[in-house]
Amino acid sequence: LKRLIREGDRSEEVADIQARLRSLKLTVDDDAGHFGESTRRAVREFQQQRGILVDGIVGRHTWSELVEASWRLGDRPLYLALPPMRGDDVSSLQSRLNALGFDAGREDGIFGRLTDGAVRAFQKEYGVPEDGIFGQRSRAALEGLRVDRPGTAALLREELRREDSPRLADALVVVDPGHGGDDPGEIGANGVREADACWELGRRLAERLLMHGARVRLSRTEAESPDSSERARRANALGAAAVVSLHLNAHEEGEAAGSSTYHFVGSSAGQSLAEHIQDALVGLGLEDCRSHGRAYTILRETRMPAVLVEPVFVTNPEEEKKLEDPIFLRDLADALAKGVAAYFDETR
Ligand SMILES: [Zn+2]
């Protein structure tokens, strides 16, 4: 998919998108190939269900979610490949294996090393030739089993990891300032660019975390804008203990204001990190737009607790103005560092 597909478009691609939406039981009343109001609503509903950015437009991310969503367990053999296989068939396999007590890792729909290990362990235990390919025979064995302990192994593993997680003073934290390079992100009415504000905030947060004794890396340089998968890959390669991704919120209504934090759906450590940061931001007097489970790429593809923070709305003129105030940025960075420290304290 090379460009954005949106309301008003007419093409074969639109017809394909509509067919996929319908197969997911969403209602599309527009003529085939015509992206009208009804298609836009179905796209928004789909985006909401998947926990990705809701804008009613089909870009690269929404397109790949549509493709992933259409896989059902049994449609194709699943195995460890490069790049890894992705789809809802993978996440249902992971959740079935986890429920049986195998450790297939996070139920993120990405077939990685842990899922491969779980498939092999499952095959060994249930008498299927141990080739690591989840095909018809493995599936037949799996279908014969009752599953009544949802998610035990993955949750247990995360709990265990938290028990031997480091103190903040020994931890490596990756700070991920959103956008950058030729991607300005959202731009406020008075010209404040999300990328610049996140960079300034990220620098200050890195300083604060260093003062707490943590080791800190930024996910990008000032001039570059790696995509979210690349940022996640960098954090994974560093073996970071936590990732803090910085963005600003935006809304067509200028009055919308306040702080939100996001964690990967089903990650209890991620949720705790997000909630501690949320508490610290609300402590500054910012409106509480709460913590939410989402499947944003930076949350899904990182292998450690990660949080995406939107401390204010760049589209709110008052909050935009504050972003130009170094004292406010300092207070924000303090609050974020306080939230990260509280998370590490709690896991002790
Ligand atoms: Zn952003």
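Are R50 and E65 buried or exposed? In this predicted model, R50 is buried, and E65 is buried too.

**View 1. R50 and E65 meet in a salt bridge.** Their closest N and O atoms are 2.7 Å apart. The pair links distant parts of the chain, with R50 in helix α2 (residues 37-50) and E65 in helix α3 (residues 60-69), 15 residues apart. The whole structure contains 27 salt bridges.

**View 2. R303 forms a salt bridge with D108.** Here the closest N and O atoms are 3.2 Å apart. R303 sits in the loop between α11 (297-300) and β6 (306-310), and D108 in the loop between α4 (88-99) and α5 (113-125), so the pair ties together parts 195 residues apart in sequence. R303 counts as partly exposed because its relative accessibility is 38%, while D108, at 6%, counts as buried.

**View 3. A salt bridge joins R234 and E230 within helix α9 (residues 228-238).** The N to O distance is 2.8 Å. The two residues lie four residues apart, about one turn of the helix.

**View 4. H179, E194 and H247 coordinate the zinc ion.** The donors are H179 (NE2), E194 (OE) and H247 (ND1), at 2.1 Å. Along the chain, they follow the spacing H-x14-E-x52-H. Both H179 and H247 are buried.

**View 5. E275, D279, E287 and D288 form a negative surface patch.** E287 is found in the loop between α10 (268-282) and β5 (288-294). With a relative accessible area of 52%, E287 is exposed.

Methods:
Residues are numbered from 1 along each chain as its sequence is written. This is a predicted model: local features need pLDDT of at least 70, side-chain atom pairs count only at pLDDT 80 or more; totals for chains, interfaces and linings use all residues. Side-chain values use heavy atoms; hydrogens and water are left out. Patches are made of residues with over 30% relative accessible area and no salt bridge: like charges are joined within 9 Å, nonpolar side chains (Val, Leu, Ile, Met, Phe, Trp, Tyr) within 5 Å. Accessible areas come from the Shrake-Rupley method with a 1.4 Å probe; for residues, only the protein chains shown count as cover. A salt bridge is a side-chain nitrogen of Lys or Arg within 4 Å of a carboxyl oxygen of Asp or Glu. Lys and Arg count as positive and Asp and Glu as negative; His and the chain ends are not counted. The place of a charge is taken as NZ of Lys, CZ of Arg, CG of Asp or CD of Glu. Buried means under 20% relative accessible area, exposed over 50%, partly exposed in between (1.4 Å probe, protein chains only). Donors are N, O and S atoms within 2.8 Å of the metal (3.2 Å for Na, K and Ca); water is not among the atoms, so sites may look incomplete.
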